[in-house]
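Work through the exercises below with the structure in view, and try each task before reading its solution.

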Amino acid sequence: MAHLERPRLRPGLAAAVDAGDPRFVIIWDQLRLSRQPQRLTIIEFAWMQLFDGQHSLRDIQPAAMQPLNGQLLPFWLFTGLVQKLDEAFFLESPRFRDRLTSPVREPACIGCYEADPMALREQLTGLFRNDGGPGLPQPRQPDGRLRAALLPHIDYERGGKTIAWGFKEVAERAHASLFVIVGTSHYSAHRYTLTRKSFQTPLGVVPTDQAYIDRLVAHYGDGLFDDELCHLPEHSIELEVVFLQYLYEGNRPIRIVPLVVGSFQDSLEAGSLPSYREDVGRMIEALRKAEAETPEPICYLISGDLAHLGPKFGDPEPVDLPLLALSRDQDLALMRRAETVDTGNYFPIVADDADRRRICVLPPTYTVLAGVRPSRGKLLHYDQYVHPQGFESVSFASVAFFK
């Protein structure tokens with residue numbers, strides 16, 4: 001552990017006093033490199049504040065003893081704390097850097113879905129077969145007319161059946177092996193962010209298509225990897241990858257392109273179409289040119305949800321039935337515009353109320369529809385999750401888009 005003699009905490013950590021016992025502090029990883037929060041005593045948490053890369057453990061030991069009136073603290077207490085934090089990827093160390101630079105992104109959403117491969121397959125089968133599900137995809141020759149699909153990225157327990165409706169259409173209608181997944185970015189202030197990392201889940205590793213990424217970067221320009229770490233905690237790509245693996249394992253090898261899209265708040269505030277923004281217009285054009293140079297079919301997957309309502313998201317009052325009915329009407333009006341692939345009138349529906357309902361799927365949907373230009377869409381399934389006490393509601397839909 002010579003490299004940890006002067007330990008340094010890494011960015012991306014958060015802490016809160018343990019609600020069950022205020023003598024402890026819970027530390028967790030906002031990047032989800034570590035899925036296990038660490039529970040430290042208040043005293044250990046104070047020592048941890050000295051892990052700045054400047055102080056050695058020999059410096060930290062006497063500094064930690066001062067508030068305790070010189071009480072002797074064995075050195076192993078500090079080496080043990082360092083080892084514990086390093087094993088959790090909480091320190092800047094070779095182990096942490098190896099994790100960051102790995103060509104494979106490890107799963108961040110286990111718990112939302114089963115960790116055991118067999119149990120996960122059973123879970124996904126149930127989403128297709130159980131009440132409200134679309135049934136398993138039927139074996140048929142895809143006609144290749146499916147260009148894109150809008151899919152929720154809410155957790156499977158609440159929205160999995162709606163996701164299954166979309167993926168049934170993908171499995172039956174798309175004959176692509178290359179899936180460009182364009183999802184909402186929840187962790188970055190950048191507009192567009194790619195990663196070259198392949199995605200691992202309990203069902204294996206799905207490779208990214210490096211040649212397509214090269215083409216997209218060549219046409220878009222610099223900046224697509226400036227905040228690549230935002231992909232590590234992001235769920236909007238991973239939750240769609242799991243379904244793809246389930247549908248195509250043992251069938252045909254697939255590849256993905258993971259692209260996340262940040263906020264269009266500047267366009268909302270200006271009341272102008274996002275395509276007038278230089279970077280958005282450049283991405284729309286880059287998608288078109290990259291596809292024109294790709295010698296195989298591409299299926300685009302749009303990952304996002306619709307309205308986010310209630311105190312959880314900053315609203316002053318709990319969600320009630322009149323609000324849910326109004327929000328449903330607004331969602332379905334938005335989906336009707338999406339079905340006509342009318343991006344010029346799709347965006348104003350959200351802009352007219354200043355996105356008070358927090359439609360997170362707007363940026364990826366607008367980007368894909370403007371770039372891919374399908375001729376029509378079809379709403380496959382719509383639903384609303386409502387918390388029993390009205391603390392939150394999230395709505396979501398699956399929509400297929402065709403040539």
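**Exercise 1.** Find which strands helix α8 lies across, and at what angle to β8 it runs.

*Solution.* In this predicted model, where local features need pLDDT of at least 70, side-chain atom pairs count only at pLDDT 80 or more, while totals for chains, interfaces and linings use all residues. Residues are numbered from 1 along each chain as its sequence is written, and side-chain values use heavy atoms, with hydrogens and water left out. Start from helix α8, residues 238-248, which lies across β4, β8 and β9 and runs at about 70° to β8. Helices (H or I, at least four residues) and strands (E, at least two) are DSSP runs, numbered from the N terminus, and contact means heavy atoms within 4.5 Å. Axes are lines fitted to C-alpha atoms, for helices over the stretch in contact, and angles run from 0 to 180 degrees between N-to-C directions.

**Exercise 2.** Work out the order of the strands in the open sheet, and which of them stand at the edges.

*Solution.* The three strands follow the order β4-β8-β9 with mixed pairing, where two strands pair if DSSP finds at least two bridges between them. Because β4 (104-105) and β9 (204-206) each have a single partner strand, one side of each is left without a neighbour in the sheet. Next, take β4 and β8 (residues 198-201), which pair in the parallel sense over two bridges; Arg105 has Phe199 in β8 as its bridge partner.

**Exercise 3.** Identify the residues of α12 that meet α13.

*Solution.* From α12 come Thr343, Tyr346, Phe347 and Val350, and they meet Leu362, Thr365, Tyr366, Leu369 and Ala370 in α13.
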